[in-house]
Amino acid sequence: MLNLIFKLFLNFNATSLILIVYAINEKIVISSLYIKCINLPNCVSYIAYIVVLLVLAYISLLLAKKLANDEIEKGSINQVEPANNVYLPTYLGYFFVALSINNFEALVFIYFIIFIFTFFSQTLYFNPIFLIFGYKFYYVTTNTLNVKKL
(Lines give C-alpha, C1' and ligand atoms only; values in the text may rest on other atoms or scores of the structure.)
Protein backbone atom coordinates (compact mmCIF):
# COMPACT_ATOMS: atom_id res chain seq x y z
CA MET A 1 0.00 0.00 0.00
CA LEU A 2 2.87 2.36 0.83
CA ASN A 3 4.38 1.67 -2.60
CA LEU A 4 1.12 2.64 -4.33
CA ILE A 5 0.83 5.86 -2.33
CA PHE A 6 4.45 6.67 -3.07
CA LYS A 7 3.92 5.94 -6.77
CA LEU A 8 0.90 8.28 -6.86
CA PHE A 9 2.88 10.96 -5.03
CA LEU A 10 5.82 10.61 -7.45
CA ASN A 11 3.43 10.80 -10.38
CA PHE A 12 1.84 13.96 -9.02
CA ASN A 13 5.26 15.52 -8.46
CA ALA A 14 6.41 14.60 -11.96
CA THR A 15 3.32 16.09 -13.62
CA SER A 16 2.49 19.00 -11.30
CA LEU A 17 4.65 21.41 -13.24
CA ILE A 18 1.84 21.44 -15.82
CA LEU A 19 -0.39 23.02 -13.18
CA ILE A 20 2.25 25.59 -12.25
CA VAL A 21 2.93 26.60 -15.86
CA TYR A 22 -0.82 26.92 -16.45
CA ALA A 23 -1.22 29.08 -13.31
CA ILE A 24 1.62 31.36 -14.37
CA ASN A 25 0.37 31.58 -17.96
CA GLU A 26 -3.14 32.44 -16.80
CA LYS A 27 -1.79 34.84 -14.13
CA ILE A 28 -3.45 32.95 -11.28
CA VAL A 29 -1.95 34.49 -8.17
CA ILE A 30 -2.29 33.82 -4.45
CA SER A 31 -3.71 37.25 -3.62
CA SER A 32 -6.62 36.75 -6.01
CA LEU A 33 -7.34 33.29 -4.62
CA TYR A 34 -7.09 33.67 -0.86
CA ILE A 35 -5.97 37.02 0.40
CA LYS A 36 -8.27 39.67 -1.00
CA CYS A 37 -7.06 42.47 1.29
CA ILE A 38 -3.32 42.09 0.54
CA ASN A 39 -2.07 42.97 -2.92
CA LEU A 40 1.03 40.85 -3.49
CA PRO A 41 3.13 41.14 -6.62
CA ASN A 42 2.57 38.28 -9.07
CA CYS A 43 6.18 37.14 -8.76
CA VAL A 44 5.58 36.25 -5.09
CA SER A 45 2.94 33.76 -6.17
CA TYR A 46 5.14 32.31 -8.89
CA ILE A 47 8.06 31.91 -6.51
CA ALA A 48 5.74 30.27 -3.97
CA TYR A 49 4.57 27.79 -6.61
CA ILE A 50 8.16 26.82 -7.42
CA VAL A 51 9.01 26.50 -3.72
CA VAL A 52 6.05 24.15 -3.24
CA LEU A 53 7.33 22.01 -6.14
CA LEU A 54 10.80 21.89 -4.58
CA VAL A 55 9.40 20.95 -1.16
CA LEU A 56 7.20 18.19 -2.61
CA ALA A 57 10.17 16.78 -4.55
CA TYR A 58 12.27 16.84 -1.39
CA ILE A 59 9.51 15.03 0.52
CA SER A 60 9.50 12.39 -2.23
CA LEU A 61 13.20 11.84 -1.70
CA LEU A 62 12.69 11.52 2.07
CA LEU A 63 9.82 9.06 1.60
CA ALA A 64 11.94 6.96 -0.76
CA LYS A 65 14.19 6.11 2.18
CA LYS A 66 11.22 4.44 3.91
CA LEU A 67 10.54 2.05 1.03
CA ALA A 68 11.90 -1.47 0.95
CA ASN A 69 15.41 -1.85 -0.43
CA ASP A 70 15.76 -3.66 -3.73
CA GLU A 71 19.00 -5.43 -4.37
CA ILE A 72 20.77 -6.14 -7.62
CA GLU A 73 22.94 -9.21 -7.59
CA LYS A 74 26.64 -8.56 -7.97
CA GLY A 75 27.76 -9.12 -11.55
CA SER A 76 24.22 -9.11 -12.98
CA ILE A 77 24.37 -5.62 -14.51
CA ASN A 78 24.85 -5.72 -18.27
CA GLN A 79 24.54 -2.06 -19.15
CA VAL A 80 24.00 1.34 -17.54
CA GLU A 81 22.84 4.24 -19.73
CA PRO A 82 21.88 7.78 -18.74
CA ALA A 83 18.14 8.41 -19.07
CA ASN A 84 18.02 12.16 -18.35
CA ASN A 85 18.36 13.14 -22.01
CA VAL A 86 15.60 10.73 -23.06
CA TYR A 87 12.95 11.91 -20.61
CA LEU A 88 13.74 15.61 -20.61
CA PRO A 89 12.19 16.35 -24.05
CA THR A 90 9.00 14.56 -22.97
CA TYR A 91 8.89 16.61 -19.82
CA LEU A 92 9.47 19.82 -21.76
CA GLY A 93 6.46 18.83 -23.85
CA TYR A 94 4.39 19.29 -20.69
CA PHE A 95 5.36 22.98 -20.76
CA PHE A 96 4.03 23.41 -24.26
CA VAL A 97 0.84 21.53 -23.42
CA ALA A 98 0.29 23.72 -20.36
CA LEU A 99 0.91 26.88 -22.38
CA SER A 100 -1.62 25.88 -25.03
CA ILE A 101 -4.49 25.12 -22.62
CA ASN A 102 -6.94 28.01 -22.54
CA ASN A 103 -9.47 27.03 -19.86
CA PHE A 104 -9.60 25.24 -16.53
CA GLU A 105 -11.85 22.39 -17.68
CA ALA A 106 -9.42 21.50 -20.44
CA LEU A 107 -6.55 21.64 -17.93
CA VAL A 108 -8.29 19.16 -15.63
CA PHE A 109 -9.09 16.78 -18.48
CA ILE A 110 -5.61 16.93 -20.05
CA TYR A 111 -3.87 16.67 -16.67
CA PHE A 112 -5.95 13.59 -15.82
CA ILE A 113 -4.97 11.92 -19.11
CA ILE A 114 -1.27 12.74 -18.64
CA PHE A 115 -1.45 11.56 -15.02
CA ILE A 116 -2.91 8.20 -16.08
CA PHE A 117 -0.37 7.73 -18.89
CA THR A 118 2.59 8.55 -16.68
CA PHE A 119 1.24 6.39 -13.86
CA PHE A 120 1.23 3.31 -16.06
CA SER A 121 4.63 4.07 -17.60
CA GLN A 122 8.10 4.44 -16.18
CA THR A 123 8.17 8.17 -16.80
CA LEU A 124 6.54 8.90 -13.46
CA TYR A 125 9.88 8.43 -11.79
CA PHE A 126 11.51 11.15 -13.87
CA ASN A 127 11.20 14.55 -12.30
CA PRO A 128 13.60 17.26 -13.48
CA ILE A 129 13.44 18.80 -10.03
CA PHE A 130 15.41 15.79 -8.79
CA LEU A 131 18.23 17.00 -11.04
CA ILE A 132 18.41 20.15 -8.92
CA PHE A 133 18.99 17.94 -5.88
CA GLY A 134 21.85 16.18 -7.70
CA TYR A 135 20.06 12.95 -8.69
CA LYS A 136 20.39 11.41 -12.13
CA PHE A 137 18.29 8.80 -13.92
CA TYR A 138 19.69 5.70 -15.59
CA TYR A 139 18.51 2.72 -17.57
CA VAL A 140 19.99 -0.39 -15.99
CA THR A 141 19.92 -3.70 -17.86
CA THR A 142 20.51 -6.87 -15.84
CA ASN A 143 20.86 -10.57 -16.59
CA THR A 144 17.73 -11.42 -14.61
CA LEU A 145 14.17 -10.28 -15.03
CA ASN A 146 12.26 -9.65 -11.83
CA VAL A 147 8.81 -8.21 -12.40
CA LYS A 148 6.76 -7.00 -9.45
CA LYS A 149 3.23 -5.73 -9.70
CA LEU A 150 1.61 -3.47 -7.16
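## Helix crossing

A crossing is left-handed if the near helix is turned anticlockwise from the far one by less than a right angle, and right-handed if clockwise. In this predicted model, local features need pLDDT of at least 70, side-chain atom pairs count only at pLDDT 80 or more, and totals for chains, interfaces and linings use all residues. Residues are numbered from 1 along each chain as its sequence is written, and side-chain values use heavy atoms, without hydrogens or water.

Helix H2 (residues 17-25) and helix H5 (residues 84-100) form a right-handed crossing; their axes come within 8 Å and cross at roughly 35°. Helices are DSSP runs (H or I, at least four residues), and strands likewise (E, at least two). Axes are lines fitted to C-alpha atoms over the stretch in contact, with angles from 0 to 180 degrees between N-to-C directions.

## Aromatic pairs

The structure holds five aromatic pairs (ring centres within 6.5 Å; planes under 30 degrees apart are stacked, over 60 edge-to-face, the rest tilted). The rings of tyrosine 58 and phenylalanine 133 are tilted, because their centres lie 5.9 Å apart and their planes stand at 45°. Tyrosine 58 belongs to helix H4 (residues 42-64) and phenylalanine 133 to the loop between helix H7 (128-132) and strand S2 (138-142), so the pair ties together parts 75 residues apart in sequence.

Phenylalanine 130 and phenylalanine 137 form a stacked pair, because their planes are at 20°, with centres 6.2 Å apart. Phenylalanine 130 and phenylalanine 137 are both buried (under 20% relative accessible area; exposed is over 50%, partly exposed in between; 1.4 Å probe, protein chains only).

Methods. Rings of Phe, Tyr and Trp (its six-membered ring) pair if their centres lie within 6.5 Å; planes under 30 degrees apart count as stacked, over 60 as edge-to-face and the rest as tilted.
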